[in-house]
Amino acid sequence: MTNLAAFFTALDELVRKAPLRIDRPQGSAHPRFPDIVYPLDYGYLEETAGGDGEGVDVFRGSVDGAGVVGVALTADLTKRDVEVKVLLDCSDGEIELVEHFLRERVRLNSAVVRRA
């Protein structure tokens, strides 16, 4: 198994074991920046910790059962942090929406790694 395959297998396990809490449903505005509207459900895995010390971030799409289809890697120079955001149950079009959202709306340096 390659390192990337092992990484996604570990994410599968994390998603399977940790409850997902959606705190920003699709179409809702960011609490501090009301002109930033979430294109997909956004939340976090409870009982986990990401780069910011909060739960691991998740964008959830509409393809029930697709599972972890990729990750968005972000580098925020203002906050001086790096995070991994799990892309769960996302279609190709929804992955593109997340890419555009992070880069153009939130203005984060980001890259998406799709699961092979």
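**Ground rules**

I number residues from 1 along each chain as its sequence is written, and I work with heavy atoms for side-chain values, leaving out hydrogens and water. Since the model is predicted, I ask for pLDDT of at least 70 for local features and count side-chain atom pairs only at pLDDT 80 or more, while totals for chains, interfaces and linings use all residues.

**Overall layout**

I looked up the secondary structure and found 2 helices and 6 strands. I take both as DSSP runs numbered from the N terminus, helices being H or I of at least four residues and strands E of at least two. Reading from the N terminus, I get α-β-β-β-β-β-α-β.

Next I checked the dimensions. The C-alpha atoms fill a box of roughly 40 × 30 × 25 Å along the principal axes. The radius of gyration is 13 Å, which agrees with the value near 13 Å for a compact globule of 116 residues. That radius is taken over C-alpha atoms, and the globule rule is 2.2 Å times the number of residues to the power 0.38.

Buried residues make up 36% of the chain. My cut-offs are under 20% relative accessible area for buried, over 50% for exposed, and partly exposed in between, with a 1.4 Å probe and protein chains only. I also looked at contacts (heavy atoms within 4.5 Å). Of those between residues at least 6 apart in sequence, 52% join residues at least 24 apart.

**Nonpolar cores**

I define a core as a set of buried Ala, Val, Leu, Ile, Met, Phe, Trp, Tyr and Cys residues joined through side-chain atoms within 4.5 Å. Which residues of the largest core touch the most other members? They are Phe59, Leu87, Cys90, Val98, Phe101 and Leu102, out of 14 residues. Strand β4 (68-76) and helix α2 (92-105) each give two or more residues to this core, and α2 has the largest share, with 4. Another core lies apart from it, with 11 residues including Phe8, Leu45, Val58 and Val68.

I then followed Cys90. Ignoring neighbours within four places in sequence, I find Cys90 in contact with Leu40, Phe59, Arg60, Gly61, Val63, Val69 and Ile95.

**Aspartate 76**

Asp76 sits in strand β4. For a salt bridge, I need a side-chain nitrogen of Lys or Arg within 4 Å of a carboxyl oxygen of Asp or Glu.

I did find backbone nitrogens beside the Asp76 side chain: that of Thr78 is 2.9 Å from one of its polar atoms, and that of Lys79 is 3.0 Å from one. Beyond four places in sequence, Asp76 is in contact with Asp81 and Leu108.

**Salt bridges**

I count 12 in the structure. Asp12 meets Arg115 at 2.6 Å, N to O. Asp12 is in helix α1 (residues 3-17) and Arg115 in the segment after β6 (109-114), so this pair ties together parts 103 residues apart in sequence. Asp12 is partly exposed at 29% relative accessibility, and Arg115 is partly exposed at 29%.

Lys79 pairs with Asp81, with the closest N and O atoms 4.0 Å apart. Here Asp81 is buried at 14%, whereas Lys79 is exposed at 53%.

Notes:
A polar contact is a pair of N or O atoms within 3.5 Å; within protein, one must be able to donate a hydrogen and the other to accept it, and residues adjacent in sequence count only if both atoms are side-chain atoms.
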